[in-house]
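Please keep the structure open beside the text as you go through them.

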Amino acid sequence: MRAAFICGVFGAATVASAAPPPIITPVANVAPARSPTTDETRLAASLIDLIHPDQEMFESNMKGWEAVARKTAEADPLYAKLESEYPGTINAAIENSRPAAGEYSRDFVRKAKARKTRIFASSLTGPELQQLMDFFRQPVGQRFVLKMQQPTEVNDFAEGVVARAETDAPLTSDELQG
């Protein structure tokens, strides 16, 4: 009973404090360059769907949420003590919180894609959007999308950028080809 209560409390705190990190950084107060046409809005939505499929975005957000929730719990002395006294407490808390985190993530994906659609539709012309669609349907564009979808440990990525900058080493053909 005590463990179930603790899991419920942890779950509520986890959802409140360790929501999935956003995939995109919101751009504050971006005024559309112009009003997009219906066709431009449709093309922009199709482009966003091609680049960021709903399921991929959802899964990415859920993985991020779980990683943050787990690290937060493991770093907290109270939860570490609970885990040692009641093994599996952290896993149970995460599982109990998953439905709420899933609702948040699905809502986030919907809002993020709608915002990206508005930005793309108001910033690019119909022909430009079509060129991007054509690119992302080609093998090189599909490889690019796959690379964008691969999980990246932020610290590892940052260390790689710093190392590359310190050596001025050009990208290898493997890095370019994927």
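1. Lys-111 and Asp-107 both lie in helix H5, where they are 4 residues apart, about one turn of the helix. Their side chains meet in a salt bridge (3.1 Å, N to O), a term that stands for a side-chain nitrogen of Lys or Arg within 4 Å of a carboxyl oxygen of Asp or Glu. Lys-111 counts as partly exposed, because its relative accessibility is 48%; buried means under 20% relative accessible area, exposed over 50%, and partly exposed in between, with a 1.4 Å probe and protein chains only.

2. This is a predicted model, in which local features need pLDDT of at least 70 and side-chain atom pairs count only at pLDDT 80 or more, while totals for chains, interfaces and linings use all residues. Residues are numbered from 1 along each chain as its sequence is written, and side-chain values use heavy atoms, with hydrogens and water left out.

3. Asp-107 also forms a salt bridge with Arg-110, the closest N and O atoms being 2.5 Å apart. Arg-110 and Asp-107 are 3 residues apart in helix H5, again about one turn of the helix. Arg-110 counts as exposed at 52% relative accessibility, whereas Asp-107 is partly exposed at 28%.

4. Which parts does the salt bridge of Arg-98 and Glu-66 tie together? The side chains of these two residues meet at 3.0 Å, N to O. Arg-98 lies in helix H5 and Glu-66 in helix H3 (residues 54-75), so the pair ties together parts that are 32 residues apart in sequence. Glu-66, Arg-70, Glu-95 and Arg-98 are linked in a network of salt bridges, and the count of salt bridges comes to 9.

5. In helix H6, Gly-126, Leu-129, Met-133 and Phe-136 are buried. They cover an arc of only 90° around the axis, which puts them on the same side of H6; the arc is that of the directions from the helix axis to the C-beta atoms. On the other side of H6, Pro-127 and Gln-131 are exposed. Helix H2 (38-51), helix H5 (89-123) and helix H7 (139-149) are among what covers the buried residues of H6.

6. For the chain as a whole, there are 9 helices and 0 strands, where helices (H or I, at least four residues) and strands (E, at least two) are DSSP runs, numbered from the N terminus. Of its 178 residues, 26% count as buried.

Conventions. Contact means heavy atoms within 4.5 Å.
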